[in-house]
Amino acid sequence: MKQPMKKTAALLLGAAIAMSATGAAAYAEETPAPMPSKLWFQVGNHNIGIDDGVETLDTTPYIENGVTFVPFAVIAGKSGARINYNGKKTIYMKKSNNKDTYTFTIGSNKYMYNGEEKTLAAKLTVKSGRVVVPLRDIGTLLGWKVVSYDNEKKIVQMTM
């Protein structure tokens with residue numbers, strides 16, 4: 001009777017070791033990726049260039065009245081900022097330095113920066129169920145610099 005118990009104990013110990021190793025691997029995968037140093041967007045294109053890779057957007061960048069709009073969650077997320085949307089019209093953003101706070105309202109070009117009212121080039125709006133923002137303004141707030149714009153191909157390149 002003692003022999004089957006030893007086998008059972010050995011199997012349980014092996015399973016516990018395997019589960020703990022799997023848990024460690026899962027944790028390592030959840031570690032956030034480093035922030036990119038360059039981005040590119042192309043008007044009408046579902047792709048965004050991130051350093052040397054490409055990801056697909058569900059809402060394409062577009063131009064309206066001379067202003068390029070991109071999905072807010074994408075530009076903020078790639079910048080390490082956190083955004084919180086109250087589900088109505090207000091969006092709160094905190095930069096990765098955890099000091100600067102911003103409050104935006106959908107349908108308005110006014111926003112609050114650390115309690116002081118500021119103005120964007122265009123209003124935040126919703127397109128295809130996504131909040132879109134003026135790329136140059138929000139990109140600049142997040143630390144991005146527009147380094148080139150190809151007017152023919154409608155490509156904006158930015159660096160951090």
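Which residues line the largest pocket? In this predicted model, the lining consists of I63, G66, V67, T68, A121, P134, L135, R136, D137, V146, Y149 and V156. The space in the largest pocket comes to about 220 Å³.

**Largest pocket**

- By class, eight nonpolar, two polar and two charged residues make up the lining.
- Three elements, β5 (67–71), α3 (135–141) and β13, each contribute at least two lining residues.
- The largest share comes from α3, which supplies three residues of the lining.
- T68, one of the lining residues, sits in strand β5.
- T68 counts as buried because its relative accessible area is 13%, and the cut-off for buried is under 20%.
- Leaving out residues up to four places away in sequence, T68 touches V43, Y62, I63, V133, P134 and L135. Among these contacts, I63, P134 and L135 also belong to the pocket lining.

**Four-stranded sheet**

- Four strands form an open sheet in the order β4-β5-β12-β11, and the pairing is antiparallel.
- At the edges are β4 (62–64) and β11 (125–127), each of which pairs on one side only.
- On average, neighbouring strands of this sheet are turned by 45° against each other, with direction ignored.
- In general, the strands of a sheet are paired by backbone hydrogen bonds, in either a parallel or an antiparallel manner.
- β4 and β5 are antiparallel and are joined by three bridges. E64 has V67 in β5 as its bridge partner.
- β5 is mostly covered, as five of its five residues are buried.
- β5 also pairs with β12, in the antiparallel sense and over three bridges. Here V70 has V133 in β12 as its bridge partner.
- β12 (residues 130–134) and β11 run antiparallel and are joined by three bridges. T125 stands opposite V132 in β12.

- T159 is part of strand β14 (residues 155–159).
- With a relative accessible area of 27%, T159 is classed as partly exposed.
- T159 and K38 are 121 residues apart along the chain, yet their C-alpha atoms are separated by 4.2 Å.
- Setting aside neighbours within four places in sequence, T159 is in contact with S37, K38, G143, W144, K145 and V147.

**Positive phi in loops**

- N114 is a residue other than glycine with a positive phi, near 45°.
- N114 lies in the loop between β9 (110–113) and β10 (116–119).
- The relative accessible area of N114 is 38%, so N114 is partly exposed.
- K154 is not a glycine either, and has a positive phi of about 60°.
- K154 is partly exposed, at a relative accessible area of 29%.

Methods: Residues numbered from 1 in each chain as written. Predicted model: local features only at pLDDT ≥ 70, side-chain atom pairs only at ≥ 80, totals over all residues. Heavy atoms only, no water. Buried < 20%, exposed > 50% of the residue type's maximum accessible area, 1.4 Å probe, protein only. Contact = heavy atoms within 4.5 Å. Pairing = 2+ DSSP bridges. Axes fitted to C-alpha atoms, helices over the stretch in contact; angles between N-to-C directions. 1 Å grid on protein atoms, 1.4 Å probe; cavity = no way out; pocket = protein on both sides within 12 Å on 5 of 7 lines; lining within 4 Å. Points joined across faces, edges and corners; volume = space filled by probe spheres on them. Nonpolar A, V, L, I, M, F, W, Y, C, P; charged D, E, K, R; others polar.
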